[in-house]
Amino acid sequence: MLGLKEIREKYQSPWYEKKKINNIFSRYFYTTIATVLVKFILPTKITANQITVSWVILGFLGCLLFTAGNYWVSILAVLIIQLHVVLDYVDGPIARARNKKSFKGIYIERVGHDLIYTIYFFCIAVGSLRHGFDPVLILILGFCASLGGFFYKHARRAKIYCSLTFKKNTPANSTALEGQAGNMKVSNKNKPSFARRIYRSSLIVWEPVFFTAVSLVLAIFDRLYFLPIFYGLTYPVHFVLSYVYQARMADKEVDKLTDMTGD
C-alpha cells in the first residue's frame, strides 16, 4: 500500500508544480487532507469518476443551501463546500495512481467547476437578503460576480485553445511560426512591467480555492455578504483586464501547458 509521503510526492506535488499551482491553500491545506483520503480510497473499488461526480453534487448542494439565508444552514453549506474542494484534490491522484485517467472524468470536472462557480456568488447573494440589503442591488452584484467569474475562466481557456489550434494548424517550418516563436522568446526574456507583476501576483484572489477558503471564515462571523459585494464589483473588471492581458501578452505558462501530454 502506498504511504502518505509517496502519494503526496509522486501523485500530488509534481502535478501541482507542473501546473504552477503554488497557493498556500492548495499545497498545504486541501492537498494534505486529500492525501489522507487517497490513501484510504486506493484499496477500495471507488473510482476517480465516482469521486468527481460526488464533489460536483456536493458543490451544487452547498450552493443551494446558501440561499436559505440562515446562519447555521450557511455554516453547513460552507463546510460542504470545503469537502467539495478537498474531494476535487482526491480524484486526480486516484486516477494517476491507478493509471486510469479518462476523458469523461476530466470533462465532468471542467463542466462541474463552471456550473458550480457560476452560481456560487449569486446563491450567497440570495441568502444575504436577510441582512436587509436592497434586493435589486445585492442580486445584481451576485449576478455580476458569477458572470465575471465565468468569463474570466473562459478568457484563459480561450487562449489555451487558440495556442493548441495555432500549433496544430501551422507547419513547424513555417516562417510565420518562426516569427511568432521569436517574438515570444523576446517578450518572455523582457522583465515584466510593474503592472504585469501586480496582475500575476494577485490572480489567486479570484480563484475558487481562495474565495471558498475565505467563505469559511466569513460564514463563521456571519459576513458572507462580503463575497458577492467584493467580487460583484471586481470580477467584471478583472475579466476585462484578463481579456486584454491574455490577448496581448506572450504567456510561457500557456505554452508549457499546451506542450504537455497526457494531462
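**Exercise 1. Determine which residues have the most contacts inside the largest nonpolar core, and which elements supply that core.**

Solution. The largest nonpolar core comprises 46 residues, and those with the most contacts inside it are Phe 66, Tyr 120 and Leu 227. A nonpolar core is here a set of buried Ala, Val, Leu, Ile, Met, Phe, Trp, Tyr and Cys residues joined through side-chain atoms within 4.5 Å, where buried means under 20% relative accessible area, exposed over 50% and partly exposed in between, with a 1.4 Å probe and protein chains only. Two or more residues each come from α2 (24–41), α3 (48–66), α4 (71–88), α5 (91–97), α6 (103–127), α7 (135–169), α10 (208–220) and α11. The element that gives the most is α4, with eight residues.

The model is a predicted one, in which local features need pLDDT of at least 70 and side-chain atom pairs count only at pLDDT 80 or more, while totals for chains, interfaces and linings use all residues. Residues are numbered from 1 along each chain as its sequence is written, and side-chain values use heavy atoms, with hydrogens and water left out.

**Exercise 2. Describe the secondary structure of the protein chain and the contacts of Leu 227.**

Solution. Begin with the elements: the protein chain has 12 helices and zero strands, these being DSSP runs numbered from the N terminus (H or I, at least four residues, for helices; E, at least two, for strands). Of its 263 residues, 40% count as buried. Next take contacts, meaning heavy atoms within 4.5 Å: among those between residues at least 6 apart in sequence, 81% join residues at least 24 apart. Leu 227, leaving aside residues up to four places away in sequence, touches Tyr 120, Phe 121, Ile 124, Phe 211, Ser 215, Leu 218 and Gly 232.

**Exercise 3. Classify the ring pair of Tyr 225 and Phe 226, and that of Tyr 231 and Tyr 235.**

Solution. Rings of Phe, Tyr and Trp (its six-membered ring) pair if their centres lie within 6.5 Å, and planes under 30 degrees apart count as stacked, over 60 as edge-to-face and the rest as tilted. The structure holds 20 such aromatic pairs. For Tyr 225 and Phe 226, the distance is 5.0 Å centre to centre and the angle between the planes is 45°, a tilted pair. Tyr 225 is buried at 14% relative accessible area, whereas Phe 226 is partly exposed at 43%. The rings of Tyr 231 and Tyr 235 have centres 5.5 Å apart and planes at 40°, so this pair is tilted. Because they stand four residues apart in helix α11 (residues 226–248), Tyr 231 and Tyr 235 are separated by about one helical turn, and both are buried. Ring pairs also link these two tyrosines into a cluster with Phe 66, Tyr 117, Tyr 120, Phe 121, Tyr 152, Phe 211 and Phe 230.
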